[in-house]
Amino acid sequence: MPAILPSGGDDHNSSSRSSSSRTLHSTSPPTENSFPCSYARTPKPPTRGLFKTPFTVTVGPDAQPFHVHREAFAAASPFFAACLNPAYAFREAAASTVHLPAARPTDFEYLVQWVYTGALDHEELDVDHPAYFRLIKLWLLADELAVEGCKNGVVDAMARVADRSNSVPTPDDTRTVFGEEGVREGAGLRGLVVDLFAWKKTDQLVEAHEDSWDETFMRSLVCKLKRMDAREKGKAPWRNDADRCRLYHEHTTGQSTCGVMEAKRWAK
């Protein structure tokens with residue numbers, strides 16, 4: 001389970017430490033409105049017309065079927081848009097079936113939830129010891145299927161969950177993120193995990209945890225701490241909308257911000 005950190009907020013913003021506390025007291029958790037990109041697609045398609053044409057996705061070695069809608073998935077993912085486009089003459093388009101034998105049904109079910117609702121709510125995240133691996137596994141699947149908006153939603157959800165529960169990912173989570181088959185190098189999710197450990201009170205946790213941390217993660221964390229200057233130590237970057245988008249989100253080629261951030265700018 002993820003470690004609950006000592007109370008008192010972030011490592012660089014508080015002088016008090018209490019290793020016995022399991023909740024965050026000195027800093028109010030961010031509100032839903034402070035994470036405007038959390039549940040957003042990039043770009044967000046109109047609701048109308050998304051439920052016209054059914055098709056089937058079979059997932060995992062047992063080919064568990066998921067009956068979903070072509071328009072909704074094509075709008076969310078270039079991968080599905082190509083697979084289901086008759087112009088490309090893929091057999092998936094003719095059969096109205098896409099096979100994902102290497103994917104896990106639980107992860108794809110989570111993706112289906114996001115495609116239809118835009119939400120990443122999960123009963124294993126709304127607890128004192130959130131299951132970060134649910135979000136990490138979803139990010140990996142979304143990356144494989146080119147669902148950009150979901151990946152950005154995962155980043156926002158992880159930042160929100162980490163602040164609400166005053167926790168960080170586990171050593172196993174760091175191996176999932178930074179391992180050979182984990183999150184690709186340079187992805188924003190890697191940067192967020194490192195920053196959570198750099199800004200929060202994690203020194204005792206990293207030193208004393210009975211499980212080993214991923215070597216690449218530890219190297220990245222040490223480099224991050226060595227390169228931080230006084231200005232950086234003042235404020236956790238994931239709590240600022242623009243910084244979180246710039247540092248951790250992924251954007252379509254030629255875009256510098258998410259569709260939701262652009263919409264927010266125009267609304268001012």
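**View 1. The loop that holds alanine 146 lies between helices α5 (132-144) and α6 (148-165).** Helices here are DSSP runs of H or I with at least four residues, strands are runs of E with at least two, and both are numbered from the N terminus. The model is a predicted one, in which local features need pLDDT of at least 70 and side-chain atom pairs count only at pLDDT 80 or more, while totals for chains, interfaces and linings use all residues. Residues are numbered from 1 along each chain as its sequence is written, and side-chain values use heavy atoms, with hydrogens and water left out. Alanine 146 has a positive phi of about 60°, although it is not a glycine. Its relative accessibility is 32%, so alanine 146 counts as partly exposed, a term for values between buried (under 20% relative accessible area) and exposed (over 50%), found with a 1.4 Å probe and protein chains only.

**View 2. Asparagine 166 sits in the loop between α6 and α7.** This residue, which is not a glycine, also has a positive phi, near 50°. Is asparagine 166 buried or exposed? With a relative accessible area of 1%, asparagine 166 is buried.

**View 3. Arginine 184 belongs to the loop between α7 (171-178) and α8 (188-199).** Arginine 184 has a relative accessible area of 36% and is partly exposed. When its neighbours within four places in sequence are left aside, arginine 184 is in contact with Trp139, Asp143, Lys151, Arg190 and Glu250, where contact means heavy atoms within 4.5 Å. The C-alpha atom of arginine 184 is 8.9 Å from that of leucine 140, although these two residues are 44 residues apart along the chain.

**View 4. Three strands make up an open sheet with mixed pairing, in the order β2-β1-β3.** Strands of a sheet pair through backbone hydrogen bonds, either parallel or antiparallel, and two strands are taken as paired if DSSP finds at least two bridges between them. The edge strands, β2 (64-69) and β3 (97-100), each pair on one side only. Strand β1 (residues 54-59) pairs with β2 in the antiparallel sense over six bridges, and proline 54 has histidine 69 of β2 as its bridge partner. Helix α4 (residues 105-117) lies across β1, β2 and β3 and runs at about 10° to β2, with axes fitted as lines to C-alpha atoms (for helices over the stretch in contact) and angles taken from 0 to 180 degrees between N-to-C directions.

**View 5. Phe51, Phe55, Phe66, Phe73, Phe79, Phe80, Phe108 and Tyr116 form one aromatic cluster.** Rings of Phe, Tyr and Trp (its six-membered ring) pair if their centres lie within 6.5 Å, and planes under 30 degrees apart count as stacked, over 60 as edge-to-face and the rest as tilted. The structure holds 13 such aromatic pairs. The rings of phenylalanine 66 and phenylalanine 108 have centres 5.1 Å apart and planes at 70°, so this pair is edge-to-face. Because phenylalanine 66 lies in strand β2 and phenylalanine 108 in helix α4, the pair ties together parts that are 42 residues apart in sequence. Both phenylalanine 66 and phenylalanine 108 are buried.
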